[in-house]
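Thanks, everyone. Please have a look at the model on the screen.

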Amino acid sequence: MNPEDAAEVTTVAVVGAGMSGLTAARDLHRAGIDVLVLEAADRLGGRALTQISALGSAVDLGGQWIGHDHHRIKALASEFGATSFRMHTEPMPVMIERGRRLASVTPAQLSALVVLAGFDVWSRFANTQRWNDTTVAAGLRRVPRRTRRLLEVLALISWTADLDRFSVHAMAQSVRQLGGLRTMLSTAGGAQESLVAEGIGRLIDGLATELGPRVRPGHRVTSIVGRDGAIRLHTTAGDVVAAKVIVTAPPPIAGRITYDPALPPRRAALAAETYMGSVYKAVAVYAQPFWRERAGGEFLILDPPGRVVYDTSAPDGPGHLCVLVGGPEARELDRLDAADRRHAVLGVLAAYLGPEVLDPASWHEKSWHLDEYVGGGYAALPRPGTTDGIAPIPCTPVGDIHWAGTETAHDHPGYLEGAIESGNRVAREVIEALSGAGAVPSPS
């Protein structure tokens, strides 16, 4: 046999073992279709990553929140015996600027609320297309400085975009798609309502366990070649031949794969028209959530790096403080060593929570934009002037290549909920295509 012909054969090859890819693979497996999941990294989960703290608690460094109407992920958590709990939240976060706590109501805050309310209504009812060449940064320059900084930090954390590379139209479409700013920014009743005590890793592991050895980490797909009614995937650990391929990687990452025949121009352009957001996430773990008796556990800090702090402690677990930094200010943290970065993130909290906040029992951090296999987070973002990169991105099959990933979801794109929706959708699509072609599923 020619070495070039030596390859593992499957009915469907799934590229990417994140929530979307594993969901699709499980649906196919349960339908009796032979499936193989190829993951570039040496771990599973994609944009989900759970670690165990020094105190034994689960720490989610990637996607973790379950919104009030995220029914798919709630069902998955229940299936795998995971314990969901509501976030411990305050009516309003403590706002800090120049190291000082701001009054509960300031002119800048009132002005920001007016801008946010107006943008929310405008984004949901107006035709925003003509603002597709106007960046968010340019729009914010029309706002007074102190109000601008508050809005800027909220935007950086909500979208993780470079605001000079993100259009007003794209932001407005995102607000419309996700049910409005109140839903996007809220904990109780919003998109950050609940968490999983065992971590999202419990769900990833549950999906992967059902698939068993059909999930292959360390298999980075370098090219996808269609010939004679079959598709050959060249990977860093050997070739795979399949009748159908599902690509779940976001466009900037999927664009690193060579396709032969070449993808149609519109599909190929997605890689150049989108980029991954930049986000740094850290979780500090303490024996107890001692801050609840002091200043609470929610902060919005306007001093660079602009960041938000959440109390993500499980009811029976140790104390967790979760910190998010988005956009260019997340990349600025990469210049610091680990100790300086931790102080930059936690230092200002000592004045309000006490010096013990600087000495967590366990410290976990992740700069997602430095992850070579993920590229960033929370999702792929459209460059100004383009439209195909606005969620939900196009996912029309190209021959026997099908597309999934949270960016393609119509329901909660960018969230784990959207990843599950896209996996369910693409599995149905492939099953129907195989049935229409008269293909007989291989035994799994």
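Start with Asp120 and Arg124. Their side chains form a salt bridge, at 2.9 Å from N to O. This is a predicted model, so that distance is computed. Why are the two about one helical turn apart? Because Asp120 and Arg124 sit four residues apart in helix α3, residues 107-125. Asp120 is buried, at 12% relative accessibility. Arg124 is partly exposed, at 37%.

Next, helix α5, which covers residues 145-159. Here Glu152 pairs with Arg149 in a salt bridge, at 2.5 Å from N to O. These two are three residues apart, again about one helical turn. Arg149 is buried, with 13%.

Buried or exposed, Asp371? Buried, because its relative accessible area is 10%, and the cut-off for buried is under 20%. Lys366 has 19%, so Lys366 is buried as well.

Some salt bridges share partners. That links Glu8, Asp34, Arg214 and Arg216 into one network. How many salt bridges does the whole structure hold? The search finds 28.

Last, the cysteines. A disulfide is a covalent bond between the sulfur atoms of two cysteines.

Key:
Residues numbered from 1 in each chain as written. Predicted model: local features only at pLDDT ≥ 70, side-chain atom pairs only at ≥ 80, totals over all residues. Heavy atoms only, no water. Salt bridge = Lys/Arg side-chain N within 4 Å of Asp/Glu carboxyl O. Buried < 20%, exposed > 50% of the residue type's maximum accessible area, 1.4 Å probe, protein only.
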